[in-house]
Amino acid sequence: MTAPVYFDNNATTAVDPRVLEAMLPYFNEVPGNPGSTGHCFGAEAEEAVEDARETVAEMLNCKHSDFLFTSGATESINIVLQSFAKISAQKKHFVTLSTEHKAIIDTCTFLKKSGIETTWLQVSEEGLVDLEALEKSLRDDTALVAIMLANNETGVIQPVKDAVAIAHNREIPFLCDATQAIGKIPVDVFDLGVDFLACSAHKFYGPKGVGGLYISKEIDRKGLSPIIHGGGQEGGLRSGTLNVPGIVGMGKASALCMDIKKEAAKLGILRDHLESELLKINGTLVNGIQNSRLPNTCNISFSGVDASMVMEVVSQEFAIATGSACNAELSSPSYVLKAMGLSDERVQGSLRISVGRYNTMEEVEQLCTRLTSVIEELKNY
Ligand code: PLP
């Protein structure tokens, strides 16, 4: 049997061998704690962390002092949302999208008991936010707007820059979950104008369990409260001994994504070929707006077929997905596609295929051939 092929790069990516190589010395050769700099080991670890911070900041086009390391996007999002739930007794209203990742959705829902009321903006059938609806949803008591840059299931890229302008017009801070965008398209916090940006290294060929939060200079950090208390690392906003190998890995992964346009073009060629082949199957439809999508993401619905059955047949040969990785139950229909107003049949028949740095055209061809035969077979079943 041939080795299975990985096409689930929106769930997570393999660590790039160059990233692994950069990380390895920090597991044992340099055992220092960056908080213990009275000797050369600690000082070396601290230097490695600060070098990584510089590199991540350079990739995001922000100042290194505006970026803090966390365990990943979920934690970064929680720091911001939980802070804003407490920041003011008068401002208790959040605005976000019904298609956000669960890290946003479940945290907003959890904060209901802290008095937070959330407006869940609907999206169009193509997955896009309605900017007029965003404008109308803003109130005098709106504390925060949270809109993702790119959706994990469909790859739809939101007009974040325009949404920021609308929020800032009412002096409302803006959180952007850029977890899926980094490593697939250029992400420039200065250009986007966001106040907060959350990310995870494992989505761009870094290790799991490390990520970060960009906080704009415009934000008064005194208003932000940590969710983890202790040694006061990361300016007091994220206590706990820093994950030095992970942070070094995130730095190296960022360096490799510095000029992402060439890689994005390669991913786009693979994804477009995949879609054009699969669209030859009668009744097949691509989900999400065509001209504002991540180049690697294909979310596609097959008519008259249950995607979870397709998955069952091919799961030992190809890693593909229905819905998002965090909704691990294969049979649960995608809330993102449902929020886009797609029919139950279209949602039920949808697969997410996300290509990555290591996929080849040959692998894409193999997947197309296999899926075409499995789907035709299931249709005639
Ligand atoms: N936001 C988006 C859009 C994601 O795709 C993910 C991960 O799937 C997250 C947030 C959460 O990232 P992590 O699990 O690394 O904290």
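Predicted model: local features only at pLDDT ≥ 70, side-chain atom pairs only at ≥ 80, totals over all residues.
Me: What counts as "near" a molecule here?
Reply: A residue is near a molecule or strand if one of its heavy atoms lies within 4 Å of it. Residues are numbered from 1 along each chain as its sequence is written, and side-chain values use heavy atoms, with hydrogens and water left out.

Me: OK, which residues are around the ligand?
Reply: They are G72, A73, T74, H101, M148, N152, D177, T179, Q180, S200, H202 and K203.

Me: How many of that shell are nonpolar, polar and charged?
Reply: Two are nonpolar, eight polar and two charged. For the sorting, Ala, Val, Leu, Ile, Met, Phe, Trp, Tyr, Cys and Pro are nonpolar, Asp, Glu, Lys and Arg are charged, and the others, Gly among them, are polar.

Me: How far is T74 from an oxygen atom of the ligand?
Reply: A polar side-chain atom of T74 sits 2.6 Å from one. For Q180, an N or O atom in the side chain is 2.8 Å from a ligand oxygen, and a polar side-chain atom of H202 also lies 2.8 Å from an oxygen atom of the ligand. Those are polar contacts (a pair of N or O atoms within 3.5 Å; within protein, one must be able to donate a hydrogen and the other to accept it, and residues adjacent in sequence count only if both atoms are side-chain atoms).

Me: And how much of the ligand does the protein bury?
Reply: The protein buries 85% of the 390 Å² that the ligand exposes when taken alone. Such areas come from the Shrake-Rupley method with a 1.4 Å probe; for residues, only the protein chains shown count as cover.

Me: New topic: which residues are buried in α13?
Reply: E363, V364, L367, C368, L371, V374 and I375. Buried means under 20% relative accessible area, exposed over 50%, and partly exposed in between (1.4 Å probe, protein chains only).

Me: What's on the face turned away?
Reply: That face of α13 carries the exposed residues E362, T369 and E377.

Me: Last one: is T70 buried or exposed?
Reply: T70 is buried, at a relative accessible area of 5%. Its side chain reaches the backbone nitrogen of G212 at 3.5 Å.

Definitions and conventions. Helix = DSSP H or I, 4+ residues; strand = E, 2+ residues; numbered from the N terminus.
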